[in-house]
Amino acid sequence: MTFSFGFLVVLPDQMIMIPVDSHFSWLTMFYMLPKELVEKRPEYLKLPRNIRDIADNEENMKIIRDDSFTEFVWSCYAYANWHFFLLPTRDGLYRPFSGNPMQYSGNFPLWRLSYLAQPYMRMKLETDWDYSFQKFFLMEPDEELDWVKLDDFNFMFRTMFDQVVKEQKWQPIIDDSWNHRQPEDFKGTGSQSRDFMRKWTHSRTAQNVSLEQIRESGTVVGNDALYDIPDPSAEFETKVLDKMKMEDFKKRLSDVDLKILELRVQGYTQQEIAKEVGYKVPSAVSKRIEKIAAQFEEFVGKEYGEFLDKHVQ
């Protein structure tokens with residue numbers, strides 16, 4: 001049975017109340033981890049796969065009561081939950097996260113949600129999936145829990161995570177967090193962090209400087225004049241925006257998008273372009289131009305990241 005303050009286990013000779021804020025209360029979640037994850041902390045492989053052997057043994061209980069045990073369980077599920085997020089895309093659809101979550105800081109709201117979901121998932125294990133403390137305590141003395149297969153783990157907890165997101169109405173929070181990432185959401189110096197910072201500041205620094213100011217007196221950043229700082233983006237632009245690269249990008253466009261791009265370069269208005277390509281309203285051309293711009297930003301951004309990884313320490 002489950003109460004707001006704990007899990008009640010009823011046995012023939014006693015009743016046990018497990019407080020929700022105790023380290024022991026995370027043992028069901030620990031038992032659901034696949035061996036591939038527990039192997040990251042080999043000392044936990046030695047914990048008995050029968051809950052009574054833990055509860056009745058003081059040495060085992062010392063391991064469970066240690067903060068590092070709970071931290072390990074939480075970290076495993078936070079990392080798993082991160083890959084269960086469905087993230088919004090530019091075309092209005094959703095995709096699972098596919099990058100390295102370690103590029104994001106603990107301030108990022110999605111990291112916090114990946115931890116916040118865990119108490120709800122623990123409760124679902126207890127009530128919906130029949131992996132309860134009651135069931136575990138009724139195991140025979142010589143019985144052991146089998147290790148959960150990795151595929152079964154992913155299916156089970158992705159299902160639970162999706163249920164939690166739906167029940168708690170978190171998807172709008174996820175969408176907003178992803179679409180409005182901030183500089184403090186990133187950590188380290190990975191290419192994804194650098195790329196975001198360049199989009200955020202639109203320059204190598206967050207300082208706003210006019211071209212006139214630079215031409216007249218220069219601008220100092222730290223102890224250096226801005227115009228004296230080697231800018232790798234200048235070399236990059238000569239590499240990326242050459243004829244060969246532009247031709248490569250154009251090959252990715254549909255015939256209609258390519259014609260829209262070429263007409264736009266020639267100075268045609270959106271109304272004139274709409275007439276040329278057979279669109280009824282100029283706004284349709286505007287939407288296509290936005291899509292072409294987004295494709296070009298993605299194309300150049302990838303090239304830029306690869307260039308910087310080779311040339312910038």
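Buried residues are those under 20% relative accessible area, exposed residues are over 50%, and partly exposed residues lie in between (1.4 Å probe, protein chains only). The model is predicted, so local features need pLDDT of at least 70 and side-chain atom pairs count only at pLDDT 80 or more, while totals for chains, interfaces and linings use all residues. Residues are numbered from 1 along each chain as its sequence is written, and side-chain values use heavy atoms, with hydrogens and water left out.

**View 1. The whole chain.** Of the 313 residues, 35% count as buried. The chain has 16 helices and 7 strands; these are DSSP runs numbered from the N terminus, with helices being H or I of at least four residues and strands being E of at least two. Contact means heavy atoms within 4.5 Å. Among contacts between residues at least 6 apart in sequence, 64% join residues at least 24 apart.

**View 2. The largest nonpolar core.** A nonpolar core is a set of buried Ala, Val, Leu, Ile, Met, Phe, Trp, Tyr and Cys residues joined through side-chain atoms within 4.5 Å. The largest one holds 57 residues, of which F24, L27, F30 and F157 touch the most other members. Helix α5 (residues 67–82) gives the most to this core, with 8 residues. Another core, of 8 residues, lies apart from it and includes L263, I273, A274 and I292. Leaving aside neighbours within four places in sequence, F157 is in contact with M29, M32, Y77, F84, M121 and L125.

View 3. Rings of Phe, Tyr and Trp (its six-membered ring) pair if their centres lie within 6.5 Å; planes under 30 degrees apart count as stacked, over 60 as edge-to-face and the rest as tilted. The count comes to 28 aromatic pairs. Y77 and F153 form a tilted pair, because their ring centres are 5.7 Å apart and their planes are at 50 degrees. Y77 lies in helix α5 and F153 in helix α8 (residues 150–167), so this pair ties together parts that are 76 residues apart in sequence. Y77 is buried at 0% relative accessibility, and F153 is buried at 1%. W82 and F97 pair edge-to-face, at 5.2 Å centre to centre with 85 degrees between the planes. W82 belongs to helix α5, and F97 to the loop between β5 (94–96) and α6 (109–127). Ring pairs link both residues into a cluster whose members include W111, W178 and F186.

**View 4. Charges over rings.** A charge sits over a ring if NZ of Lys or CZ of Arg is within 6 Å of the ring centre and within 35 degrees of the ring normal. The charged end of R181 sits over the ring of W178, 4.0 Å from its centre. K135 lies over the face of Y131, at 5.5 Å from the ring centre.

View 5. A salt bridge is a side-chain nitrogen of Lys or Arg within 4 Å of a carboxyl oxygen of Asp or Glu. The count comes to 8 salt bridges. K124 forms one with D128, the closest N and O atoms being 3.6 Å apart, and one with E167 (2.9 Å, N to O). E167 lies in helix α8 and K124 in helix α6, so their pair ties together parts that are 43 residues apart in sequence. K124 is buried, at 8% relative accessibility, whereas E167 is partly exposed, at 45%. K135 forms a salt bridge with D130, with 3.7 Å between the closest N and O atoms.
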